[in-house]
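Subject: Structure handed over, with notes

Hello,

Here is the structure we talked about passing on. My notes follow below it.

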Amino acid sequence: MLEPKSRHDLKLNRRRTQALYRQIAEQIKTRIASGELPGGTRLPPIRTLAAELGVTRLTVQNAYRELQAEGLIEATVGRGTFVGPETHPSLLHLHLGERLTPMGVLHDVHKVQQVRGVRNLALASPDPHLFPTEEFWASLEALHPQGSEVFQYGPVIGDPHLRLAISGLLAQRGLEAQAEEVLITVGGLQGLALTARVLCQPGDEVIIEQPTYLGFLNILHTLKLRPLPVPLDEQGPSLRHLEALLKKHRPRFYYTLPNFHNPTGMCFAPERRQALVDLAIRYGLTLVEDDTYAHLAYDMPPPPPLRALDRSHVLYLSSFSKVLMPGLRIGFVLAPSKLLEGLLALHSASDICGPPLLLQRATARFIQQGGLERHLRKVVPIYRERRDTLLDALRAQMPRSVRWTQPKGGFSCWLSLPAYFPPGGLYQAALQRGVAITPGEAFLTQTQDHTHMRLCFGYQGSEALREGVAQLAPLMREQAARLTHTTPIAEVL
Ligand SMILES: Cc1ncc(COP(=O)(O)O)c(C=O)c1O
């Protein structure tokens, strides 16, 4: 049963525009996520809670109904209303935030996925409710007549049908690529890891953007490669910094995210893209272009890849994890033939072949039957609306000292704030309020910088985004009020 003390903890604010039933549901949800209300806890009868909070029974009933629809509570006639059985962990019991390294945070992000009731703004993933499952099943079923063939080992380089479908997709983006140049990988991450292993030896230097995708920082760390960070401005990477690095160092390559960058959501300006390629040509630098989010473009069509500007200096890779479904584990690399040989050799030494042939073939069919195009037509407007919801909520609620990027695509928004919190402090405080964020440290090489966080807007619906910001904003305001001196505002792009 909710203890009397915590019953009094449910606070209603009648001046807020948020409906009272939602305020009740939200607070109970936070307690379920945090573990304060474990599975099996009996909630107060509707009549009792309504009397205590001074609201109508209908208000409490609506709150319970909403929690029930989300599968968080269960009502049994004659017995009462209970928090659902304890089949999921709660935030407080997961020991999150013990390490703010890319690997530590990656582990956390996936653990948080199992928690009920959490507002998950930490996961740069598509919303599973929007997966094109039915149409994909139809693609799988259409392969039935192919019988045992699709359960064989596939070719190391990938299924020819899928490689052909990918070459067609790339042509639509202004990038001519023969199917023979395409290597299928187990997600984009394997493409990145293979590339780094083929191009580098331990101790080598690699240029990265600051901030950059935490999965790639994890690869650098694991392979004992040294990152050389280049700062970003609103147009893209700072060319002045980049050129200074190229004059002093011999980096093996530069890992870049020109389209809907993770974690900032930015898209590099056309002049900066050309200048970046020109610099690569001048210094003989290899650019490894990660185009994973390109199709999730909210304000304009995605620009052509950098590789369309220069084939000999740009190696291109991407994935279907964000635009389709991450569980397919299908990514791909486009590489010049010499490099492709090295990638293939490494790939076959560890894997025999890539993702299951059945899934590769079904993905090829799905693309060729127009499934991807239809799916994007459906989800891009939804993700655009979620992006707008997040930005509106931040604008309305965050104190002036907090700044954020204006993502043009993808799933990520990057926030910068004064040095309010000790290391991991914001992360923990947010978790206690039932909100998962990604701490900024995981995307940076300067791990002593604790003034950033990433908020993702793809995985959850607009309501959870609003609730998430409504929980985070007071944390910022409380900290801002506590500061006795003015702290410099962290940089934002
Ligand atoms: C920029 C970027 N590249 C690559 C990946 C890896 O994706 P996959 O799930 O296909 O391995 C991710 C996943 O978050 C990403 O954000």
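Two strands count as paired here if DSSP finds at least two bridges between them. By that rule, β10 and strand β11 (residues 314-319) pair in the parallel sense, over four bridges. Please keep in mind that this is a predicted model.

Overall form

The protein has 16 helices and 17 strands. Its radius of gyration is 24 Å, close to the 23 Å that the globule rule gives for 493 residues, so the protein is as compact as a globular protein of that length. Along the principal axes, the C-alpha atoms fill a box of roughly 75 × 65 × 40 Å. Of the 493 residues, 57% count as buried. Among contacts between residues at least 6 apart in sequence, 74% join residues at least 24 apart.

The exposed surface comes to about 21300 Å², and carbon and sulfur atoms supply 54% of that area. As for charge, there are 53 positive and 45 negative side chains, with the centres of the two sets 5 Å apart.

The eight-stranded sheet

β10 and β11 belong to an open sheet of eight strands with mixed pairing, in the order β5-β12-β11-β10-β9-β6-β7-β8. At its edges stand β5 (182-186) and β8 (236-237); each has a single partner strand, so one side of each is left without a neighbour in the sheet.

Strand β10 (residues 287-290) is covered on both faces: Leu287 and Glu289 are buried on one side, Val288 and Asp290 on the other. On the β11 side, Asp290 stands opposite Leu317. β10 also runs parallel to strand β9 (residues 253-256), to which three bridges join it. In that pair, Thr256 stands opposite Glu289.

Phe320

Which loop holds Phe320? Phe320 is found between β11 and β12 (330-334). Its relative accessible area is 3%, and buried means under 20%, so Phe320 counts as buried. Leaving aside neighbours within four places in sequence, Phe320 is in contact with Ile166, Leu169, Met325, Ile330, Phe332, Ile367 and Leu372. Phe320 and Gly187 lie 133 residues apart in sequence, yet their C-alpha atoms are 7.4 Å apart in space.

Helix α9

Seven of the nine residues of helix α9 (residues 214-222) are buried, so the helix is largely enclosed by the rest of the structure. The buried residues are Leu214, Gly215, Phe216, Leu217, Asn218, Ile219 and Leu220. What do they pack against? Their partners are α5 (102-112), α8 (187-199), β6 (205-210), β7 (226-233) and β9. Of these, β6, β7 and β9 are strands of the eight-stranded sheet. Just after α9, Lys224 takes a positive phi of about 60°.

The four-stranded sheet

There is also an open sheet of four strands with antiparallel pairing, ordered β13-β14-β17-β16. Here β13 (403-404) and β16 (438-439) stand at the edges with a single partner strand each, so one side of each is left without a neighbour in the sheet. The partner of β16 is strand β17 (residues 452-456), and the two pair in the antiparallel sense over two bridges. Within this pair, Met453 in β17 is the bridge partner of Pro439.

Regards

Notes
Residues numbered from 1 in each chain as written. Predicted model: local features only at pLDDT ≥ 70, side-chain atom pairs only at ≥ 80, totals over all residues. Heavy atoms only, no water. Rg over C-alpha atoms; globule rule 2.2 N^0.38 Å. Buried < 20%, exposed > 50% of the residue type's maximum accessible area, 1.4 Å probe, protein only. Contact = heavy atoms within 4.5 Å. Areas by Shrake-Rupley, 256 points an atom, 1.4 Å probe, with all protein chains shown as cover. Lys, Arg positive; Asp, Glu negative; His and termini not counted. Charge placed at Lys NZ, Arg CZ, Asp CG, Glu CD.
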